[in-house]
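Hello,

Here is the structure I promised to hand over. Please look through it first; my notes follow below.

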Amino acid sequence: MLLNMRGRHVALSVLAVRRACHLSRSAHTSPQTLEYKPIKKVMVANRGEIAIRVFRACTELGIRTVAVYSEQDTGQMHRQKADEAYLIGKGLPPVAAYLHIPDIIKVAKENDVDAIHPGYGFLSERADFAQACTDAGVRFIGPAPEVVQKMGDKVEARAIAIRAGVPVVPGSDAPISSLQEVQEFCNTYGFPIIFKAAYGGGGRGMRVVREYEELEENYQRAYSEALAAFGNGALFVEKFIEKPRHIEVQILGDKYGNVIHLYERDCSIQRRHQKVVEIAPATQLDPHLRDRLTADSVNLAKQVGYENAGTVEFLVDKHGKHYFIEVNSRLQVEHTVTEEITDVDLVHAQLHVCEGRSLPELGLKQDKIRINGFAIQCRVTTEDPTRGFQPDTGRLEVFRSGEGMGIRLDSASAFQGAVISPHYDSLLVKVIASGKDLPTAAAKMSRALAEFRVRGVKTNIPFLQNVLSNDQFLYGTVDTQFIDENPDLFNMKPVQNRAQKLLHYLGHVLVNGPTTPIPVNAKPSPVDPVVPAVPLGDPPTGFREVLLRDGPEGFARAVRAHQGLLLMDTTFRDAHQSLLATRVRTHDLKKIAPFVAHNFSNLFSMENWGGATFDVAMRFLCECPWKRLQELRSLIPNVPFQMLLRGANAVGYTNYPDNAVYKSNKENILLQKPEKNGMDIFRVFDSLNYLPNMLLGMEAAGSAGGVVEAAISYTGDVSDPTRQKYTLDYYLKLAEELVKAGTHILCIKDMAGLLKPEASRLLVGALRDRFPDMPIHVHTHDTAGAGVAAMLACAEAGVDIVDVAVDPMAGMTSQPSMGALVACTKGTKYNTVPRPKVFDYSEYWEVTRGLYAPFDCTATMKSGNADIYENEIPGGQYTNLHFQAHSMGLGHKFKEVKKAYVEANKLLGDLIKVTPSSKIVGDLAQFMVQNSLTRAEVEERADELSFPLSVVEFLQGHIGIPHGGFPEPLRSKVLKTLPRVEGRPGASMPPMDFQALETQLRETHGDDITPEDVMSAAMYPKVFQEFKEFTTTFGPVDCLNTRLFLDGPKIAEEFEVELERGKTLHIKALALGDLSKAGQREVFFELNGQLRSVLVKDTVAMKEMHFHPKALKDVRGQVGAPMPGKVVEVKVKQGQTVEKGQPLCVLSAMKMETVVNSPLSGTVAKVYVNVDSSLEGDDLILEIAE
């Protein structure tokens, strides 16, 4: 067959010669070729993929090609694919340029164009354009102007169909000119009805109306869309047929009255009346119905003398009755599937017919047209299915297509670096798959779509993949309501896009510096730590096996029966909280974790969670604290994990409802199912030793199956008889209550390092005498330098467990040195762990600590200080206060801050000081230093001073009742008439609605929300929101090594990033571009050997530039643009009262109009846009005050 699409790989010059010789012979042998006029140059009056499709066909036939382009399309591929390209519509809007007939004809005449192909859309069905071509002596590749007029006018085409005996849908006899005519039609035929553009198709100007109240708005929108798309807003109206199949027949005619059909296509899968997936032939179509459809199509074409390619469209109802809709007198977007199943190149045929060749001469006779297999076309668009298919715009940062056997791609602007504008259709690429049957073609299509990688804009690929896997699509029949009736199609697997997001992050750090606040002007060490060798196989068993086998009670008995001193390693939490502002990342913990599992299996436990770890992980390290716990558990299965639980505060800094601490409506919460997230031992404490708060935390931990370790927060000095508030008797009585409440282990939490050796002997000795069978655990800090001595004294007094940190992470405000304690107990009955392994462990952390130089307390604090026995500042807070004083330029006043801390503590009644009570004392101390207030002045002026909020809330009773009660008259002076909390704060709080919270989170962040996410949002709502927004933008930054995370790469640096096992990125930072007018810099990388670039906003530069404000998602009254586009109408003004759902403005993008409705009732406070304003997504449109 002359039009066979396969095997044409001959040089163009040879093609042209052979074609000329063949045509010359044909002219002498066939009387039908007397009108043959060869085409030497073709212009395509269109853009994008259809222009390129025609250029390729012309090139195959040896025809020279001409492109036209608008000012907005200077970078488009179609102008580069043509032999010549010329600007049209200078100064006109983007769409108007391609509708400007005089410019197009002028270019054609000036450049000796023989024929113009209109493509689809734009002028393709405009009879005046076809006539203008004819008048200018340029051939129009399509039907004659009078046929275009008849077929393009849907009312006239309808009348022709009726005369030809083709069934039609009830509709208006002529284009409607007023809303009144529509109302009269509705009164006659009822609802639903459908508006259609009289002079164009493609779903533009098409609106379904089901109720009278929607009539006027939809009429105006349909008219406006048709006018914008086709230059004529004329509409006609017809009865809307519910749930039909949309079947269309491809026809082809010549100048000699020959008309054939090339069978049908099923185009029923649509949204907004625009086709999404097309199939040829239609599945499960009755053969008799097929015959009627094709016969009616050919008869209709013959009745009007149809020439060239066209499509006759029908609706087929559920009873198998078909109704004529319209004739598209042009090439269709979906012509590709017909080509695949018939082996007919339709564009070749169009060109030959235009030249004067007859269909029989081309070998195109009806009896020779056969169906061969099935073909599917998917329109990959830059639309976001999760947001109602709103068009997305931007730059294609990455584009990789799917290819292979049975796959055809028709595209134009689908390449890396291409800019998708809001001015034109959202089609990115047409993917066509062929196979012996529909399931085979669908499998090839699914595979090809899975190979696509499109980054920078959203696409509908995940939605298309769901369609292709739908059983109704594969094995049944679909109708035009298929998408609406299958909401599961929108349950799409999120695109990970990890590599490109990480490049965005690295680019952001290169342009704007670290994303986490850096307190010290120091760079991370360039040296990476070396992980000590780890043997193959599973690690030896440890105490966790005892816990899993014998339960918490059996575990406690085993600990008490153990010979020697047990150690808890705080390196994974409290040590770096005290020395490095809790900034150590999971990345570095995971690297050393297997070594710990294999060499420290006899540790009592590892403290690796709770305290500040939880919110710092999300807030500053941009990683999930739950994921940290899960990953460490998999790497260290043999050593028990311990966490710090602030009683009724859980892992937060305030009180929460009881159900947030204890249980959550049949869902996994912080403490339930500890085996899932790996937590074993819960050290429960309260910042005031307030027993009701502690009992709540203990009960929750115990009911979850964990080991309960009740911790008494220690302050004062039991060895000093002059200190009468926190005496030995106080601690013994509190311990009695905790043992009575069922604790498995008793802990002394010496958060400030106040336990001196003598006090250690007294306190531990008394507890051991009182509770001989209870395991005792002591936690301390080494701020004064006496920590090792104190812990040895505890061991001598009968303690079972003490806390230590690996040597490079020990001392100062951290815990005592592991190496020192191991050395001091070696050879004694208190023997602990092997010394050589401690040295290897230390070497890793010595280098690792250098990575965190920007957070290291030694930048400002060179040693510990024994004045801790006077000011009683907890270790972690001591470090933080030191940092804060220096960052505020008050480093020279740190001594005053410490003195003020003592006075503030006395003002508040001498508190137990640990988070959050220690923060309250610290806030008051800084308040006193900043305002130069003495203790006496604060007491005297308490009724007039504006105290820190934390102080006021403490005095109200928000964190509990301190031992000895609240200080008076200070409390009464500060609070005046403010309400006071009586008893345990959480008891009076309403339960948290976790189900509602989860629903809200899923609406905001998608369906991949976990029970752990819900708990994170419950504890830290704002932090969690910001964390999710960060990871959505920048991806899994926890995969980066610490130097890259903090400081970014150096230009020309090469490095690897392991996303997961077996998936490693090879990255090289190449260059940093200059500042653009948009306030952006382009950052260039090489990723896996391919050039990639990202655009990064320069935050410093943008402060000096003006940009349209964005709508804040958490502010209810701010209404943002749902998509990029141009404002075509503003329906409200400032001061106007609006109701929820009321239209506010109309946006137009990619020839589609969207009405923006009010999300709430209220008054318009300010309007930020005007008609013709160009907006980006989420740009602020207006503000509504409730």
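For charges, Lys and Arg count as positive and Asp and Glu as negative, while His and the chain ends are not counted. Each charge is placed at NZ of Lys, CZ of Arg, CG of Asp or CD of Glu. On that basis the protein chain has 132 positive and 145 negative charges, and their mean positions are 3 Å apart.

Some ground rules. This is a predicted model, in which local features need pLDDT of at least 70 and side-chain atom pairs count only at pLDDT 80 or more, whereas totals for chains, interfaces and linings use all residues. Residues are numbered from 1 along each chain as its sequence is written, and side-chain values use heavy atoms, with hydrogens and water left out.

**The whole chain**

The C-alpha trace spans about 125 × 65 × 55 Å along its principal axes. There are 42 helices and 42 strands. These are DSSP runs numbered from the N terminus: helices are H or I with at least four residues, strands are E with at least two. Of the 1186 residues, 59% are buried. Buried means under 20% relative accessible area, exposed means over 50%, and partly exposed lies in between (1.4 Å probe, protein chains only). Contact means heavy atoms within 4.5 Å. Among contacts with a separation of 6 or more, 70% join residues 24 or more positions apart.

**The cores**

A nonpolar core is a set of buried Ala, Val, Leu, Ile, Met, Phe, Trp, Tyr and Cys residues joined through side-chain atoms within 4.5 Å. The largest has 175 residues. Phe 572, Tyr 841, Trp 845 and Phe 947 have the most contacts inside it. Leaving out residues up to four places away in sequence, Phe 947 touches Leu 924, Phe 927, Val 938, Ala 942, Val 952 and Val 974.

**Helix H28**

H28 covers residues 787-796, and seven of its 10 residues are buried. Among them are Val 788, Met 791 and Cys 794. The buried residues of H28 pack against helices H27 (757-770) and H29 (818-825), and against strands S29 (776-779) and S30 (801-804). Gly 798 follows H28, with a positive phi near 110 degrees.

**Arg 453**

Arg 453 lies in strand S22, residues 453-455. Beyond its neighbours within four places in sequence, Arg 453 is in contact with Val 398, Phe 399 and Arg 400.

Best wishes
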